Amino acid sequence: MEKPVIQIESLTKVYSLDSHRRVDAVKGISFSVKQGEIFGLLGPNGAGKTTTIGMLTTRVRVTSGDGFIAGISIRDEVAVKRLIAVVPQQNNLDRSLTVRENLIFHAKYFGVPKQEREQKADELLEMMGLKQRQDDYVRAFSGGMAQRLMIARSLMHEPKILFLDEATTGLDPQSRRLLWDKVNELNAGGQTIFLTTHYMDEADELCHCIAIMDHGKILAMDTPGNLKKMVPGGNRIELELKDVSDALIDGLQKLDRAGEVNRRDEPDKVVLSIHGDQTMMAGIMRVAQQAQADVLGVKLHQVTLEDLFIHLTGRRLRD
Ligand SMILES: Nc1ncnc2c1ncn2[C@@H]1O[C@H](COP(=O)(O)OP(=O)(O)O)[C@@H](O)[C@H]1O
Ligand SMILES: [Mg+2]
């Protein structure tokens, strides 16, 4: 993971609806993606994720700024197309072809020699768990299978970068999980992956680096761990009690990194909130025991990317 394989400089897209109405979909974004990375663009609907992928994959015309794929400008459509593969949001498999034919035809189009494409098809069908279905037509395919086939097809010409646009939207939890496994497997084999998602758990789990996008701008970009550190307060543990004594508060304040124990009174319990993570659990219970506190429950609240999004925008990520 070293040299940038994607570099974007002030990339901008304005869609003109008519002579006086325009949509500023992407507002001069700049960032780079390293080779071998799983990079995620995370943001709500309408943030500009698909438009960004569209420009990087030459489907959408750039309004201003530039982007480079392995050093080649995205304005050089023909050269860039050879280096990339895109799995779009919508299923665009050829329904008149079988599973295997979908792969072979794609490879033919990219000029992959016969023996190589047959071998590559075997390999990818196996990997994506579609070998048994290779002679079926894709009409009856579930969303999960269609996504796996679209990924297999996109990899037939061995792209340098794989672009996945909302690959798991609409999938059931099991198919989603399976697709995550496949993405990780591909990346372990060296594949650079650029994905978009509006699921914060997906970005958190899969990506080495995440750019948070909203209203055409990048609000923050870093590793999931560093992004979550940006949330004020951070992780906390909540101790639910029948009653609270001064001895307990004193003891907990000594454990708390910020020395700040927050108290919240609820109908039949008192909740004390302490900054920290699971490593402090044992210490908290020891203090509670020493203070002879009546503990009703302990909850660990881990910061999520959703918390960061709310912190940055004042809104929730999901609509
Ligand atoms: N072809 C288009 N013509 C006009 N406006 C568009 C077009 N495609 C997208 N938009 C608008 O651009 C903005 C960003 O859309 P999009 O890139 O699809 O966001 P996302 O993928 O994050 O949901 C939205 O306001 C959307 O309505
Ligand atoms: Mg989109």
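A residue is buried under 20% relative accessible area, exposed over 50% and partly exposed in between, with a 1.4 Å probe and protein chains only. Val 23 has 35% relative accessibility, so Val 23 is partly exposed. The model is predicted: local features need pLDDT of at least 70, side-chain atom pairs count only at pLDDT 80 or more, and totals for chains, interfaces and linings use all residues. Residues are numbered from 1 along each chain as its sequence is written, and side-chain values use heavy atoms, without hydrogens and water.

Val 23 lies in strand 2 (residues 22–34). Together with Tyr 15 and Leu 17, Val 23 forms a nonpolar surface patch of about 240 Å² accessible area.

Cavities and pockets are found on a 1 Å grid over the protein atoms alone: in a cavity a 1.4 Å probe fits but cannot get out, while a pocket is an open set with protein on both sides within 12 Å along at least five of seven lines, and lining residues have an atom within 4 Å of a point. There is 1 cavity of 30 Å³ or more.

| Space | Volume | Lining by class |
|---|---|---|
| Largest cavity | about 70 Å³ | 8 nonpolar, 2 polar, 1 charged |
| Largest pocket | about 550 Å³ | 7 nonpolar, 10 polar, 4 charged |

Helix 6 (173–188), strand 8 (192–197) and helix 7 (200–206) each give at least two residues to the lining of the largest cavity; the largest share, 3 residues, comes from helix 6. Trp 180 and Glu 202 are among the lining residues of the largest cavity.

The largest pocket has 21 lining residues, and Ala 85, Val 86, Pro 88, Asn 92 and Arg 153 lie nearest its centre.

Methods:
Chains are lettered from A and ligands numbered from 1 in the order in which they are written. Patches are made of residues with over 30% relative accessible area and no salt bridge: like charges are joined within 9 Å, nonpolar side chains (Val, Leu, Ile, Met, Phe, Trp, Tyr) within 5 Å. Accessible areas come from the Shrake-Rupley method with a 1.4 Å probe; for residues, only the protein chains shown count as cover. A salt bridge is a side-chain nitrogen of Lys or Arg within 4 Å of a carboxyl oxygen of Asp or Glu. Helices (H or I, at least four residues) and strands (E, at least two) are DSSP runs, numbered from the N terminus. Grid points are joined across faces, edges and corners, and a volume is the space filled by probe spheres set on the points. Ala, Val, Leu, Ile, Met, Phe, Trp, Tyr, Cys and Pro count as nonpolar, Asp, Glu, Lys and Arg as charged, and the others, Gly among them, as polar.
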